[in-house]
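User: I have a model open and want to go through it with you. Can you take my questions as they come?

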There are 2 protein chains.
Amino acid sequence: MEERQARTAFAALSQETRLRIVRLLVQAGPDGMAAGAIAEAVDVSPSNVSFHLKDLEHAGMIVPRREARSIIYSADFTGLRDLIAFLMKDCCAGHPEICAPALADAQCKPSIKKKKAHA
Amino acid sequence: MEERQARTAFAALSQETRLRIVRLLVQAGPDGMAAGAIAEAVDVSPSNVSFHLKDLEHAGMIVPRREARSIIYSADFTGLRDLIAFLMKDCCAGHPEICAPALADAQCKPSIKKKKAHA
DNA sequence: TCCTCATTTCAATGATTGTTGAATTATAGG
DNA sequence: CCTATAATTCAACAATCATTGAAATGAGGA
């Protein structure tokens with residue numbers, strides 16, 4: 001991932017409404033949610049949510065698809081993963097010995113216990 | 001890491017000069033660099049670099065220490081790691097099976113081959 | 001003490017970004 | 001074809017953020 005693209009992604013995630021949308025869509029998984037449902041969930045106006053969705057889409061954090069009258073957005077897991085990889089490379093490229101052990105702690109393990117997913 | 005703190009970190013990293021500073025300091029390692037040297041390296045005015053350094057410090061991405069007449073900044077590897085962990089949790093909490101395998105690819109391994117570190 | 005170097009602070013200005021509500025496009029059903 | 005629903009676009013305004021240069025602080029050496 002290029003630096004410029006990473007910056008766009010960071011900017012997208014730095015805004016309260018947008019970060020909440022991303023987290024919501026990650027929880028929602030590949031099924032995603034309609035724009036209207038997202039607006040309701042994060043409690044902002046349709047036009048405002050549309051503005052933020054466009055920004056997130058441009059940043060490669062979410063992906064849209066049309067389904068009947070609705071437009072369904074879902075998390076772009078590839079984009080999210082690339083951003084994590086960018087950060088990790090940045091962190092590790094210089095001095096792996098510093099952060100490698102610490103990172104193990106934050107590892108993504110499928111053996112994770114599922115909680116009552118909520119928000 | 002709390003959402004609010006994560007947003008502050010994302011905002012800090014979303015700005016060109018600041019992201020360049022962080023990457024520079026990660027490369028520099030624990031020794032860090034003096035504010036003036038950073039200013040020269042990223043080619044911005046002293047007052048401007050000071051503004052950005054303060055922002056990065058506030059975001060928990062870098063850490064300062066005085067050394068004689070200089071103030072030396074170094075990457076806050078703990079802060080960086082926490083941010084990565086936040087992103088990974090977000091990504092994995094909902095659907096680990098989606099991103100776990102993909103993330104393995106981006107893993108931080110001490111066995112990483114060192115390239116002619118550049119940017 | 002006085003002078004210099006390193007950095008920060010301040011106030012002003014310009015540039016970006018977020019929010020709002022009204023108007024528009026697109027899809028489905030009667 | 002007309003109406004209703006779902007979402008986006010647009011223009012205006014408010015708010016936040018970045019940059020600049022000048023002035024202030026703080027540390028060390030003559």
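Analyst: The buried residues of α2(B) are Thr17(B), Arg18(B), Leu19(B), Ile21(B), Val22(B), Arg23(B), Leu25(B) and Val26(B). Buried means under 20% relative accessible area, exposed over 50%, and partly exposed in between, with a 1.4 Å probe and protein chains only. Helices (H or I, at least four residues) and strands (E, at least two) are DSSP runs, numbered from the N terminus.

User: What kind of model is it, and how is it numbered?

Analyst: This is a predicted model, in which local features need pLDDT of at least 70 and side-chain atom pairs count only at pLDDT 80 or more, while totals for chains, interfaces and linings use all residues. Residues are numbered from 1 along each chain as its sequence is written, chains are lettered from A and ligands numbered from 1 in the order in which they are written, and side-chain values use heavy atoms, with hydrogens and water left out.

User: Back to α2(B). Why does its span agree with 18 Å?

Analyst: α2(B) covers residues 16-28, and its 13 residues at 1.5 Å each should span 18 Å, which agrees with end C-alpha atoms 18 Å apart. The expected span is 1.5 Å times one less than the number of residues.

User: What sits at the two ends of α2(B)?

Analyst: At the start, a side-chain oxygen of Gln15(B) comes within 3.0 Å of the backbone nitrogen of Thr17(B). Just after the helix, Gly29(B) has a positive phi of about 75°.

User: On to the DNA. Which residues are closest to DNA strand D?

Analyst: Gly36(A), Ser47(A), Tyr73(A), Arg18(B) and His52(B) are the closest of the 20 residues that surround DNA strand D. A residue is near a strand if one of its heavy atoms lies within 4 Å of it. Of the atoms of DNA strand D that come within 4 Å of the protein, 65% belong to sugar and phosphate.

User: Which polar contacts are there with DNA strand D?

Analyst: A polar contact is a pair of N or O atoms within 3.5 Å; within protein, one must be able to donate a hydrogen and the other to accept it, and residues adjacent in sequence count only if both atoms are side-chain atoms. Among them, an N or O atom in the side chain of His52(B) is 2.6 Å from a phosphate oxygen. Ser47(B) has a polar side-chain atom 3.2 Å from a base oxygen.

User: And DNA strand C, how many residues surround it?

Analyst: 20 residues surround DNA strand C, and the closest are Arg18(A), His52(A), Arg69(A), Gly36(B) and Tyr73(B). Sugar and phosphate make up 69% of its atoms within 4 Å of the protein.

User: Where does Gly36(B) touch it?

Analyst: A polar backbone atom of Gly36(B) is 2.6 Å from a phosphate oxygen of DNA strand C.

User: What about the hairpin in chain A?

Analyst: β2(A) and β3(A) form it, with two residues between them, and Ala68(A) in the turn has a positive phi of about 60°. The two strands run antiparallel and are joined by six bridges.

Key
Pairing = 2+ DSSP bridges.
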